[in-house]
Number of protein chains: 2
Amino acid sequence: MKTFFDCLPCLVRQALDSVRMVTDDEQTHETILREVLQMAGAMDFGVPPAAMAQRLHRRIRELTGIDDPYREAKDRLNARAMELCESLRPRIAGAADPMEAALRLAIAGNIMDLGVKTSLDDGHVCRSIENCLNEPFEADIGAFWEAMSGAERILYLADNAGEIAFDRLLIEQLPREKVTVAVRGGAVINDATLDDAEEVGLADLVEVIGNGSDAPGTLLDDCSDGFCERFAAADVILSKGQGNYETLSESARPIWFLLRVKCPIIARHLETEVGRMVLRRS
Amino acid sequence: MKTFFDCLPCLVRQALDSVRMVTDDEQTHETILREVLQMAGAMDFGVPPAAMAQRLHRRIRELTGIDDPYREAKDRLNARAMELCESLRPRIAGAADPMEAALRLAIAGNIMDLGVKTSLDDGHVCRSIENCLNEPFEADIGAFWEAMSGAERILYLADNAGEIAFDRLLIEQLPREKVTVAVRGGAVINDATLDDAEEVGLADLVEVIGNGSDAPGTLLDDCSDGFCERFAAADVILSKGQGNYETLSESARPIWFLLRVKCPIIARHLETEVGRMVLRRS
């Protein structure tokens, strides 16, 4: 997906939100704001917004000297998500269709995204996850499970810290010996890295690899050769969240996109509405 | 008022809204978007957002070759506002306090602002104006009327087309021989100019002057000498809307600001909430 004109004011707002989250220093806020405006004015709109976000967050880390500015937030999100998942696991087991319940919860967990909204209200997260089991969900769930059961190599592209605990609920329903989870290769916003996969116990359950990139999405040109080989060899790919969707929506690989729609541009691109849970085959 | 960091994403969004309103040509949209991002990145944050908006709208007019791109929209707003005012005039006459009713309506008319929101929903405008007579309104109305009746020279700084018909309702309650209305000296967004004062019949009622500037506010350095003399000589100044507030909030002149609060930055500056009607002495 390219960068739409409407993404630009949003990228500027996100930059300001992000730098404020990382430091209280107003001079740094101004520097980042001016730089992101200049970068945005000169950027190639043919690349996805995630490419711009990658540059921006590198610059925030450089200016503040903090390698992983969202580390504390990610630890908090992981801990909270694990609590929620603990109480949800019996609900999955008791559901009429446990696999569908796990799928819905994995998508619901995509609400834990500090890229779109800097502060996450816990009540809002709880309600959203509570509602997800009964929300409308236009998806060919039968075809999804058929694709999963027929695959030898499933590549699961995680999105955010916190959310990755919900991914675990879904992975527990998959033939786990066939699953490899890929996380970001470096810290960016609250996107999940190897540390997060370990924190939520996912690394004990399945193979987890980094993708070699610090973009908040999957920019294949920026990923490691090792990741790209896995990506090319997978029989089926699960892609979580907007960042992965933005960067892979034009891929020819057999990808299932699982996400919560958080912006009107993505909603239009997917021909759906903001707020909806989406399961979509590429 | 200076430009706050949070004004920047909003200015970028407004630029995009504005250029889309003026032309369907995507190349022009991109040119304006890139230029506003570059301008914003290099701008002096010590000046009010209206200074940036002035440059931006000059550039839109230059690129499209249209001198007054909002002319049709302004004609429509004036016509609609005059219809609404026609039905409101008996309500003012029948109100317990006609002067307060006219004051409330003049502030309510400030909803007719295409700078903040590109499209105005007629139903929303009608409801907003209907509600304004009963809304909470923290204001020292007695002191306001005392200032008006004690003044020899009242300078009324109009804001938008459409809104200017509601200003007329208030001016009808003032000692009109003492009132001079100032409008923008050149077309910018849907801000009122001499044409609009004529369209709503205000020019037949009181003296109307242009301020010599095409900024969506009152940037004194950019106004004509004639206007500045009137501004300096007025016993009391009525300033309508956010653009005039932004540009005059630090003035030492005796100004009464009348506006509907439309953004969180102005709300914080005025220590009130978005959506509130405000009457505030400088």
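I began with confidence, and chain A averages a pLDDT of 92, with 98% of the residues scoring at least 70; pLDDT is the predictor's confidence in each residue, from 0 to 100. For the model I noted ipTM 0.83 and pTM 0.84. This is a predicted model, in which local features need pLDDT of at least 70 and side-chain atom pairs count only at pLDDT 80 or more, while totals for chains, interfaces and linings use all residues. Residues are numbered from 1 along each chain as its sequence is written, and chains are lettered from A and ligands numbered from 1 in the order in which they are written.

**Contact between the chains**

I looked up the contact next and found 15 residues from chain A and 15 residues from chain B, where two residues are in contact if their C-beta atoms, placed from the backbone, lie within 7 Å. On the side of chain A that touches chain B, α1 (7-22) and α2 (26-42) each supply at least two residues, and α2(A) gives the most, with eight residues; helices are DSSP runs (H or I, at least four residues) numbered from the N terminus. I sorted the residues of this side into eight nonpolar, three polar and four charged, counting Ala, Val, Leu, Ile, Met, Phe, Trp, Tyr, Cys and Pro as nonpolar, Asp, Glu, Lys and Arg as charged, and the others, Gly among them, as polar.

**Symmetry**

I then laid chain A on chain B, which gives an RMSD of 0.0 Å by a turn of 180° and a shift of 0.0 Å along the axis, with the copies superposed by least squares on the C-alpha atoms of residues with pLDDT of at least 70 in both. The two copies are thus related as by a two-fold rotation axis. I also noted that the same surface serves both copies, since 100% of the contact residues of chain A recur in chain B.

**Domains of chain A**

Chain A is divided into domain 1 (7-64) and domain 2 (71-281), with bounds from an automatic or database domain assignment. Their centres, taken over C-alpha atoms, are separated by 25 Å, and I found 14 residues of domain 1 of chain A in contact with 14 residues of domain 2 of chain A. On the domain 1 side, α1 and α3 (49-64) of chain A each supply at least two residues, and α3(A) gives the most, with seven residues.

**A residue of chain A**

Lastly I looked up A:Leu105, which touches A:Leu88, A:Ile129, A:Cys132, A:Phe166 and A:Leu169, not counting residues up to four places away in sequence.
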